[in-house]
Amino acid sequence: MTQGFEANPCRPMPWLDAFAVGDPRIDAEHRALMDGCNQFCRLVAAGAATAEIMATVHRLAAAFEDHMASEEALFPAIRFPGGPRHLAEHQRLRARLTELTAHASRAQPARDLGAHANALRAQLVEHLLRYDLAYKTWVEEARG
């Protein structure tokens, strides 16, 4: 019987070409975020030191912030009409990251973060599929 994602939460979630929105900078940031989420999951599953996990969480939160700023700067350039809805989703992600950072700093042992690491990674994929691919057509049109 093949183990599913939930049975093996440490298994890396791969980047899929289907996640690409067509903007090289945004796609590179998306890949880096996926790698960061996978690293977070690996560290938690391996029982890494809390300091190492916290450093990864902080780097990941900063990368999410930088990425959201990149997307928010892109929207006017591509005349994306879904910007307000997307920005609201960014606020939800920011709240989730703030909650995760606070929980991570209190988690003892660090393994207790497994569900949070898994949920963050799943939320990234959901965001890519539900929100980011919504502006792919506008990126393609802007590129000609």
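R79 is located in the loop between α2 and α3, where helices are DSSP runs of H or I with at least four residues, strands are runs of E with at least two, and both are numbered from the N terminus. The structure is a predicted model, in which local features need pLDDT of at least 70 and side-chain atom pairs count only at pLDDT 80 or more, while totals for chains, interfaces and linings use all residues. Residues are numbered from 1 along each chain as its sequence is written, and side-chain values use heavy atoms, with hydrogens and water left out. Although R79 is not a glycine, its phi is positive, at about 55 degrees. R79 counts as exposed because its relative accessibility is 72%; buried means under 20% relative accessible area, exposed over 50%, and partly exposed in between, with a 1.4 Å probe and protein chains only.

The protein chain contains 5 helices and 0 strands, and its elements follow the order α-α-α-α-α from the N terminus on. Of its 144 residues, 44% count as buried. Among the contacts in the protein chain with a separation of 6 or more, 73% join residues 24 or more positions apart; a contact requires heavy atoms within 4.5 Å.

Two packed helices are described by the angle between their axes and the distance between the axes. Axes are lines fitted to C-alpha atoms, for helices over the stretch in contact, and angles run from 0 to 180 degrees between N-to-C directions. For helix α1 (residues 24-45) and helix α2 (residues 50-78), the axes come within 10 Å and cross at roughly 160 degrees. The two helices α1 and α2 are therefore roughly antiparallel to each other; angles under 35 degrees count as roughly parallel, over 145 as roughly antiparallel, 65 to 115 as roughly perpendicular and the rest as oblique. On the side of α1, the residues that meet α2 include I26, L33, C37, F40 and V44, and their partners in α2 include I53, V57, L60, F64 and L74. By class, this contact of α1 with α2 has 12 nonpolar, 6 polar and 4 charged residues. Ala, Val, Leu, Ile, Met, Phe, Trp, Tyr, Cys and Pro count as nonpolar, Asp, Glu, Lys and Arg as charged, and the others, Gly among them, as polar.

Helix α2 also packs against helix α3 (residues 83-106), at an angle of about 170 degrees and with the axes 10 Å apart. This angle makes α2 roughly antiparallel to α3. Among the residues in contact are M54, V57, F64 and F75 of α2 and L87, L93, L97 and A104 of α3. The contact of α2 with α3 comprises 10 nonpolar, 6 polar and 4 charged residues.

Individual residues were also examined. R42 is found in helix α1 and counts as partly exposed, at 35% relative accessibility. The C-alpha atoms of R42 and P12 are separated by 8.0 Å, although these residues are 30 apart along the chain. A search of the whole structure finds 0 disulfides, a disulfide being a pair of cysteine sulfur atoms within 2.5 Å. C37 is in no disulfide, and the nearest cysteine sulfur, that of C41, is 6.9 Å away. C37 counts as buried, at 1% relative accessibility. C41 is likewise buried, with a relative accessible area of 4%.
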